[in-house]
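Thanks for coming. I have one structure today, and I will go from the whole chain down to a single residue.

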Amino acid sequence: MTEIVLDGASLTIEQVLAVAYGQPGAPQVCLAPVARARVARAAQAVQDLLARGVVAYGITTGFGAFKDRVIVPEQVERLQYNILVSHAVGVGPVFDRPTTRAIMLIRANTLARGHSGVRLETLDRLIEMLNAGVHPRIPSKGSLGASGDLAPLAHMALPLIGLGEVEWLGEVMPAATALTKLGWQPLELAAKEGLALTNGTAVMCALGVLETARAEMLSATADIAGCLSLEALYGTPAAFDPRLHELRPFPRQIECAAHLRSLLAGSEFVRNNDPRHVQDAYTLRCIPQVHGAARDAIAYARWVFEIELNAVTDNPLIFIDDDGNVEVLSGGNFHGEPLAIALDYLGLAVTELGNIAERRLMRLTDEASNTHVLPAFLTRAGGLNSGFMIVQYTAAALATENKVLAHPASVDNIPTSANVEDHVSMGMTAGLKLRSILDNVSQILALELFAAAQGIDFRRQTLGAQARLGRGTGPVYDLIRQHVPFIAEDTMLHPYITVISELVAQGRIAAAAQTGSVAGSS
């Protein structure tokens, strides 16, 4: 992917990920010719409205509760400067580089649709900043998710006029300094531009896109961890039989069961028909039902954010008919409710991936629960050694934190702007919570994988060194053992947990299993 052409209508999640995690200019972002024409036409329409003395919200009026205050023509440009400096009131940690780049790209694509009234030079500068790696420093807290992400987007836009701070070439500096070094002059915003830059859902959408992609990866990782635990616990794959799932035809449940069967194909660690032990505990037997439900939420989130990527979400919007007639419509496309609900739903579902993983980890460490298939706390010298006892504590702490974080933000509301903006989505809060939930689940899965690999080694002592793991779980076990040894006696576990956590976060666990599954099916 060497170039991404923005037209306001065809941006994909994969393109956002490529820009967010890529290097500045790789891929290069540019504006489609059709978008350039639409943007120029809408900008000219704004100037025509001014010339005719038409009263239009945010163009010749104040904002929010000041919507009825008419602005004289001589002050309309000052109005746009004022919205940036007055709205840039974010607090908290600044967004990381990938999130910032995603925000900039999504906002540029929205403006490229040609209904916002910005000039080409303003949109071009935003894209130039993205390509040059001039990243605004955007505080992560301050958005209510209605009237869009006003505070963070104001911080995003400040560098266009030479204000605020940026990160460029690995250094944090005043935006004015970066512009001088690049030979760029600060822009003087025209009518409507400040409002168009700040009024929309680009920040919520960026969070949603990045975290949906991460949830997809962690969902695949959760399947792998569950299967490795099943092998360590001498479980049976009978509950993944396709005939069962065809009778409850949730598509993602069926997909999950198929994935589990693929991961476990060829395994000599699983239990076949045993009349003395006909079924497993829910945390093993019901993986398709629980993980499949989480897959449903992830699929819904992808659907929502694929739509939002190419939506126009500022206010008011400019419409020009075939005869050149201009109409300015005030509406509520900036309201983040569709995103907020999706973010909350995704957070709830991913929390469940962590909950069931923590319970599998408990079974790996509790010899009574696993019917003495494995030694207590995965150590032979229990008492002198604590083994993996406290590993499960950490997973329990993370799972508990997620249960607090999973409370939906979208059901909350605090009216603002003198009760004009009387219902807000709290979508940004939902997105930030989701990010924390995913961080925790990533760690829980790493802890489960750590313990499951330890359990596999104990099983090998019974089955023999040549016993085969599943087609997908075998490469994952090998990857873990390339970085982390079997723990024979108590030692510092934290460094090993950190290593496995990085393998999970980087997607290497999911990739290893996929490589094994593809190789086995070829």
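Of the contacts in the protein with a separation of 6 or more, what percentage is accounted for by residues 24 or more positions apart? In this model, which is predicted, the figure is 80%.

Some overall numbers next. The protein has 522 residues, and 55% of them are buried. Its secondary structure consists of 19 helices and nine strands. The C-alpha trace spans about 85 × 50 × 45 Å along its principal axes.

Helix α16, which covers residues 427-463, contains Glu 448. Is Glu 448 buried or exposed? Glu 448 counts as buried because its relative accessible area is 0%, and the cut-off for buried is under 20%.

What does Glu 448 touch, leaving out residues up to four places away in sequence? One group is Ala 225, Gly 226 and Ser 229; the others are Ala 357, Arg 360, Leu 361 and Leu 364. With one of these, Ser 229, there is also a polar contact: the side chains of Glu 448 and Ser 229 are joined at 2.7 Å.

To recap on this residue: Glu 448 sits in helix α16, has a relative accessible area of 0%, and makes a side-chain polar contact with Ser 229.

Methods
Residues numbered from 1 in each chain as written. Predicted model: local features only at pLDDT ≥ 70, side-chain atom pairs only at ≥ 80, totals over all residues. Heavy atoms only, no water. Helix = DSSP H or I, 4+ residues; strand = E, 2+ residues; numbered from the N terminus. Buried < 20%, exposed > 50% of the residue type's maximum accessible area, 1.4 Å probe, protein only. Polar contact = N/O pair within 3.5 Å; in protein donor to acceptor, adjacent residues only side chain to side chain. Contact = heavy atoms within 4.5 Å.
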